[in-house]
Amino acid sequence: MDPIDVAELALSLPEIDSNRPSPARIYDFWLGGSQNFAVDRQVGQRAAAEMPTLQAAIRANRAFLGRVVHHLAADLGVTQFLDLGSGVPTVGNVHEIAQQANPAARVVYVDIDPVAIAHARALLAKVDGVEAILADLRDPDAVLTRPLVRETLDLSAPIAILMNAVLHFIPDTEHPDAIVRAYVDQAAPGSYLALSHAAPDLDHRREQDKMLDDYQSSTGVPFINRDPDLISTWLTGLEIQPPGLVTVAEWQPEPDIENPPMLRTYGVLARKPNPSPAETE
Ligand SMILES: C[S@@+](CC[C@H](N)C(=O)[O-])C[C@H]1O[C@@H](n2cnc3c(N)ncnc32)[C@H](O)[C@@H]1O
């Protein structure tokens with residue numbers, strides 16, 4: 001991957017505020033990336049000090065994304081991916097994993113963070129069938145009607161909708177359930193939804209609350225841990241694929257990998273069923 005200089009990028013793109021920490025860049029820092037500023041690293045370091053199991057959870061979340069995309073592309077024959085809240089490109093990007101299984105796989109990355117999208121565009125300049133757009137996933141109609149989305153993905157055929165570690169940034173007042181539903185409703189039958197979501201750590205509630213207070217006040221972005229029981233209500237009507245809604249480390253785990261204790265993040269893969277004969281009449 002050709003690295004771009006994040007400081008130079010900030011000079012060329014006025015919408016990048018290098019004084020305000022951003023979730024995308026803090027996540028990049030936690031994963032060991034270089035697309036972050038001092039303000040991001042400071043928040044990231046404080047959070048990791050408060051919750052020592054945080055970084056293991058971040059790595060497990062990213063590994064879940066890799067396994068679920070591989071499964072979709074290699075085992076389920078999915079060739080189209082809409083990655084919502086895709087983050088700063090890093091090791092194991094969706095298009096790399098999908099195109100390894102099927103070189104014809106097509107991917108659209110969507111993120112609200114200009115560093116994430118600028119870096120993705122630099123990386124993707126020479127990759128066929130892969131695009132990146134700066135957009136807010138909270139407006140499904142706007143995302144799904146963007147020309148680059150329409151030119152890259154055939155929405156009349158099945159796609160995989162990826163919402164990995166992003167819905168916890170959407171408060172209840174903005175109806176994450178309805179957002180998920182809007183993407184699923186507009187996707188063809190046979191499409192898949194893969195998502196992961198942070199959950200409360202019942203053993204370290206106080207530390208987790210303290211960490212989140214700091215994270216939210218520093219970034220200005222809400223962060224809501226949710227119980228898996230609630231998340232499963234968002235999946236009504238979909239066919240949940242084995243092993244169900246489980247912690248990301250438990251989702252089709254790599255054999256012989258020992259997982260250290262970590263903050264709980266849940267992951268799931270679900271399929272939009274084909275209409276019943278009565279519905280098609
Ligand atoms: C924690 S990162 C997850 C990255 C990647 N999906 C993964 O799991 O490795 C969350 C990403 O979601 C993006 N994001 C947050 N709210 C968003 C929104 N409303 N629309 C689009 N992207 C959003 C952030 O900018 C960030 O890059």
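## A buried serine to start from

S196 counts as buried because its relative accessibility is 0%, where buried means under 20% relative accessible area, exposed means over 50% and partly exposed lies in between (1.4 Å probe, protein chains only). This is a predicted model, in which local features need pLDDT of at least 70 and side-chain atom pairs count only at pLDDT 80 or more, while totals for chains, interfaces and linings use all residues. Residues are numbered from 1 along each chain as its sequence is written, and side-chain values use heavy atoms, with hydrogens and water left out.

S196 sits in strand β5, residues 192–198. Helices (H or I, at least four residues) and strands (E, at least two) are DSSP runs, numbered from the N terminus. The side chain of S196 comes to 2.9 Å from the backbone nitrogen of A165. That is a polar contact, meaning a pair of N or O atoms within 3.5 Å; within protein, one must be able to donate a hydrogen and the other to accept it, and residues adjacent in sequence count only if both atoms are side-chain atoms. Apart from neighbours within four places in sequence, the residues in contact with S196 are N61, F64, M163, N164, A165, V166, V248, T265, Y266 and G267; contact means heavy atoms within 4.5 Å.

## Around the ligand

Which residues come closest to the ligand? They are Y27, R62, G85, D111 and D136, out of 19 residues that surround the ligand. A residue is near a molecule or strand if one of its heavy atoms lies within 4 Å of it. By class, this shell holds 9 nonpolar, 5 polar and 5 charged residues. Here Ala, Val, Leu, Ile, Met, Phe, Trp, Tyr, Cys and Pro count as nonpolar, Asp, Glu, Lys and Arg as charged, and the others, Gly among them, as polar. Helices α2 (23–30) and α4 (54–75) each supply at least two residues of the shell, and α4 gives the most, with 3 residues.

The side chain of R62 has an N or O atom 2.8 Å from an oxygen atom of the ligand. On the backbone side, an N or O atom of G85 lies 2.7 Å from a nitrogen atom of the ligand, and a polar backbone atom of N164 is 2.9 Å from a ligand nitrogen. On its own the ligand has 600 Å² of accessible area, and the protein covers 95% of that. Accessible areas come from the Shrake-Rupley method with a 1.4 Å probe; for residues, only the protein chains shown count as cover.

## Salt bridges

Side chains of opposite charge can pair when their charged atoms come close. A salt bridge is a side-chain nitrogen of Lys or Arg within 4 Å of a carboxyl oxygen of Asp or Glu, and the count comes to 7 salt bridges. One of them joins D214 and R46, at 2.7 Å from N to O. This pair links distant parts of the chain, 168 residues apart: D214 is in helix α10 (residues 205–219) and R46 in helix α3 (residues 38–50). D214 is partly exposed at 22% relative accessibility, and R46 is partly exposed at 40%.

R138 and E174 form another salt bridge, with their closest N and O atoms 2.9 Å apart. R138 lies in the loop between β3 (130–134) and α7 (140–144) and E174 in the loop between β4 (160–164) and α9 (176–186), so this pair ties together parts 36 residues apart in sequence. D136 joins R138 and E174 in a network of salt bridges. E239 and R271 meet in a salt bridge too, at 3.0 Å from N to O. Because E239 is in strand β6 (residues 239–240) and R271 in strand β8 (residues 265–271), the pair ties together parts that are 32 residues apart in sequence. Are these two partners buried or partly exposed? E239 is partly exposed at 34% relative accessibility, whereas R271 counts as buried at 18%.

Why is helix α6 (residues 114–124) described as largely enclosed by the rest of the structure? It is because 9 of its 11 residues are buried. Those buried residues are P114, V115, A116, I117, A118, H119, A120, L123 and L124. At the start of α6, a side-chain oxygen of D113 reaches to within 2.8 Å of the backbone nitrogen of V115.

P21 belongs to the loop between α1 (6–12) and α2, and is buried with a relative accessible area of 9%. Beyond neighbours within four places in sequence, P21 is in contact with I26, V39, D40, V43, S218 and T219.
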